[in-house]
Amino acid sequence: MRTILFREALREAMSEEMRKDEKVFLMGEEVAEYNGAYKVSQGMLAEFGPKRVIDTPIAELGFTAIAVGAAQNGLRPIVEYMTWNFAVLALDQILNTASKMLAMSGGQVGCPIVFRGANGSAGQLGAQHSTAFESLYANIPGLKVISVSNPYDAKGLLKSAIIDNDPVVFMESEVMYGEKGEVPEETYYIPIGKADIKRPGKDVTIVSFNKMMKVALGAAEELAKEGIEAEVIDLRTIRPLDWYTILESVKKTNRLVIVEEQWPFASVSSEITYRIQKEGFDYLDAPIRRITSADAPMHYAPNLVAAYLPDVPRTVKLVKEVMYLKK
Amino acid sequence: MCTFLFPIFAAQNFRQVPTKFSKETYLYWYELMQLIRQFELKAEEKYKMAGKIRGFFHAYVGQEALAAGCMTATRQEDPFITAYRDHGWALAKGVTPNACMAELYGKATGAAKGKGGSMHFFGVKEYFFGGHGIVGAQIGTGAGLAFAEQYKGTDNVVLCFFGDGAARQGILHETFNMAMLWKLPVVFICENNNYAMGTSVERTSNVVDIYKLADAYEMPADMVDGMDPETVHDAVARAVKRAREKGGPTLLEMKTYRYKGHSISDPQKYRRKEELDEYKTKDPITFVTKAILDNKFATQEELDAIDARINEVVEESVRFAEESPWPDDSELLKDVYADENYQFIVD
Ligand SMILES: Cc1ncc(C[n+]2csc(CCOP(=O)(O)OP(=O)(O)O)c2C)c(N)n1
Ligand SMILES: [Mg+2]
């Protein structure tokens, strides 16, 4: 199979859907003439023209409102945020308008829109550029939340997000745009709300998503050297949460560790933990454990970044704890 | 520690002179602008060649005349606040080159203990309220600083800086309205370097003269040549005087230019080299050098000696940064709450 870059997979998803449906357009800062702050939309202005690939001023609240209004009036906007940190300015429109439109109008008018962009930390960018927002958006009824870890999933899920009739929050990562992965030439869609077992195993279940999948898979690799077979599940969609897939795995492994970049309070792992202890209490041989980001803003210094984020050694150690292994 | 050769802040009366500037003022401008420029160039070198500095890095090179003119038109106690292009402002307010360089290196001795990095320099004891990373946010918080000065009954005036790109955020309008309504002692200074990343001003609005945005709120406003410290000084001095005398805010649009890309990683395909070269003919350091020599305020040898000294100060800041320790890992959960007994979630 051919391999393409993460950013190319995202671009293909948008371009294919835009070729199919005149109502789909892309809007955001630097998406057109600059070809995207992270080059996701490279060449799209040339193909689709300025009517459908639209540069905005730095005005997140305003252009999100315009896109939300356009979605209510028959269009299917894709809104790119340079990063999700800046989408906070638009949270009013996403939370108070987009997510509630269908409910408030008694089903008269929905909001088929995709909000997408880079999420989470990306090296030493300091406190204001490093927040991972999955749990925050997943808290909001009316939204669907996707967070992808590789080009194949990115393309298939972004295509599904664009044709979905509900507002979808779609999370990428600055540090993954340049990564390569296998993506078939043929058209495909990945259904929203389906987790994926990225590595089968029988001894312990590790659940993760977005770039923390690297930590989960890295830990599984390390554990394999010691004969421990971890099953690694990539959530891919945060809301709706595919807890059935996790439960099925836990029925087999009886142990669950969650690795995520969220802050710990009311995080994705909190929700998973609640669900699995409720639905799968009898299958658990150890408390469900997790590694999140530290309960703090991310600082700049490299050692503080390292201390803030989940990593492979801590994940390996935690897995051994839930397996009651010495050392 | 960098102490200026010409500590003009001792001479309280230079500010009363509107357009005719003293020898000390010119030499201070020269020194400050050279310090900022040499600091930035050295830091960029350490970023690119040595990989000692990471994250986003937005250089102030080209815009130094603003720092020069604003400094001589204000008092030390007048708070300054700006965005992420903040190195020049921190240095101008007197945060030491050592603390600034150490911050870029992420060291414990940095201006924010290595926690902020390039975008978040702070020096509250120098009345520098930081480097802020969310475009436009400090327009509002700058007005908040001014609200507090008014509330406390001081006659301090806040200088609140933001870019041309930031001028398109909605917060500008909400803030301008309230700042005028409450006559807050703040000078809003738009550093119009004509680009927000790769987007030129005329691609962001129908209104390309940003100072006109003040009209809707009947806020006094001016367009200013931001490459010339004399003009900057005069315009800021007028606005500061108005604010000190309870006359409320002013918007100053300063036309300036950044010689470097938006950040270190910017390939700058959106602008022509000639445009940059043209601005370089208006270089504020060249301008001030000429004024100094023409007026015989100093000889070229004396200026060379200042340069050499600044070079030494900047080199020393690198040594200081390199020798400084990293923050202790325990800093991870420090400075998050003022409450020292706060119970963090630790799994
Ligand atoms: C709310 C928000 N949106 C987007 C960004 C990304 N961003 C950082 S700087 C910048 C351009 C700002 O340009 P301008 O205000 O003109 O300041 P300059 O960089 O020229 O000093 C953008 C879009 C951000 N930091 N915050
Ligand atoms: Mg600008």
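The shell around ligand 1 divides into 10 nonpolar, six polar and four charged residues. Here Ala, Val, Leu, Ile, Met, Phe, Trp, Tyr, Cys and Pro count as nonpolar, Asp, Glu, Lys and Arg as charged, and the others, Gly among them, as polar. Ligand 1 lies between chains A and B. Of the 20 residues around ligand 1, A:F86, B:V135, B:G163, B:G165 and B:A196 come nearest. A residue is near a molecule if its C-beta atom, placed from the backbone, lies within 6 Å of it.

The model is predicted: local features need pLDDT of at least 70, side-chain atom pairs count only at pLDDT 80 or more, and totals for chains, interfaces and linings use all residues. Residues are numbered from 1 along each chain as its sequence is written, while chains are lettered from A and ligands numbered from 1 in the order in which they are written.

Chain A contributes 35 residues to the contact and chain B 38 residues; two residues are in contact if their C-beta atoms, placed from the backbone, lie within 7 Å. On the side of chain A that touches chain B, α3 (60–72), β14 (289–291) and α12 (302–308) each supply at least two residues. The largest share, five residues, comes from α12(A). That side comprises 20 nonpolar, nine polar and six charged residues.

Chain A has 13 helices and 14 strands, which are DSSP runs (helices H or I, at least four residues; strands E, at least two) numbered from the N terminus. Of its 327 residues, 57% count as buried, with 20 or more other C-beta atoms within 10 Å of their own, C-beta atoms being placed from the backbone.

Technical notes: Buried ≥ 20, exposed ≤ 12 C-beta atoms within 10 Å, placed from the backbone.
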